[in-house]
Amino acid sequence: MIARLLAGRDLDSLHLGKREGRVDLRGLPAPTPRRLDRFESMGWFVEELGDLVSFRGVRLRAIDFSGAQLPSLRFHDVVIDDCRFDGAACRDWRLWSSQVAGCSFSKADLRGSAIGTWHEGRRNEWRQVNFSGADFRVGVSEQALYEDCDFAGAKITGVQFSQCAFDRCRFAGLMSSVLFDGRDLPDRPAPPQMCKVDFLAAVFQEVEFRGFDLEDVRLPNDPDVRLYRRGRCVAMRGIQLLDGDESKLARGLKAVLANRLRGPGDKREADVFNRRDYMAWGGEDLARLAESIMDRAEADCVR
């Protein structure tokens, strides 16, 4: 079965059953890769795997892999179309220059997978993909396109979306320690501004946006979350307003604002303020000081 898929051969001659118009490969067990070596590098434990299943230049279309065991698959220049991976074990996937469209990964396990990669000037593209309830703790997703994707209820704690493009996507549920970094880097093209991205039902916890103006974004319906349109100006002016105040609270707030200014950026990018984050960092006093300083800074920036 796997050999046929690797060769890009049709499955119809096998007379397999179908489910909702898709070839029924639910529960398929893919070969488990062998661990050749395990070593520590720069504080990380690295495993070298053998007997990996690698798809190259093929198209997987209209197949139901729900509940399948598919660890450590590799995809090079592959198109995956109209497939279901609901509840499947997809840990440690690697994709390069591949396109996924009209697929569902609802409640799938994608932990540790390279969902977004930048390879020889090409990216991965995800269109009309359902990630609802999936374990999407993939670490870093670089340069990927997400179009009409649903992340409602997905576990995305600690994920960094670096130079990724988002168009008509939806997020809902808890989002913790997530970074959307859309800044222009010297060796990578900056993504377009987010278009019609919906966070209305999301709960933010240390969620950051860098390089986006957020003009076409719906933020959470949450009284603790607010938007400062000119984020870098607000941070710079806030530091100026705190000049001369050497109290512990002021030093802490200056450190937060200075961190906001690290790295590249421009005057268009917005900043999202979450009062609960400041409460967690320094209690009610820090939250109150931050609101006061940033409101004054925003008024000055607008003028």
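Guide: Here is a walk through the salt bridges, pair by pair. This is a predicted model, in which local features need pLDDT of at least 70 and side-chain atom pairs count only at pLDDT 80 or more, while totals for chains, interfaces and linings use all residues. Residues are numbered from 1 along each chain as its sequence is written, and side-chain values use heavy atoms, leaving out hydrogens and water.

A salt bridge is a side-chain nitrogen of Lys or Arg within 4 Å of a carboxyl oxygen of Asp or Glu. By this rule the count is 39 salt bridges.

Let's start with Arg-84 and Glu-20, whose side chains meet at 3.9 Å, N to O. Arg-84 sits in the loop between strands S9 (79-81) and S10 (94-96), and Glu-20 in the loop between strands S1 (18-19) and S2 (22-24), so the pair ties together parts 64 residues apart in sequence. Helices (H or I, at least four residues) and strands (E, at least two) are DSSP runs, numbered from the N terminus. Glu-20 is exposed, at 61% relative accessibility, while Arg-84 is partly exposed at 23%. Here buried means under 20% relative accessible area, exposed over 50%, and partly exposed in between (1.4 Å probe, protein chains only).

Next come Asp-300 and Arg-237, with their closest N and O atoms 2.8 Å apart. Asp-300 is partly exposed at 24%, and Arg-237 is partly exposed at 26%.

Finally, salt bridges that share partners join Arg-123, Glu-125, Arg-127, Glu-147, Asp-148, Asp-167 and Arg-168 into one network.
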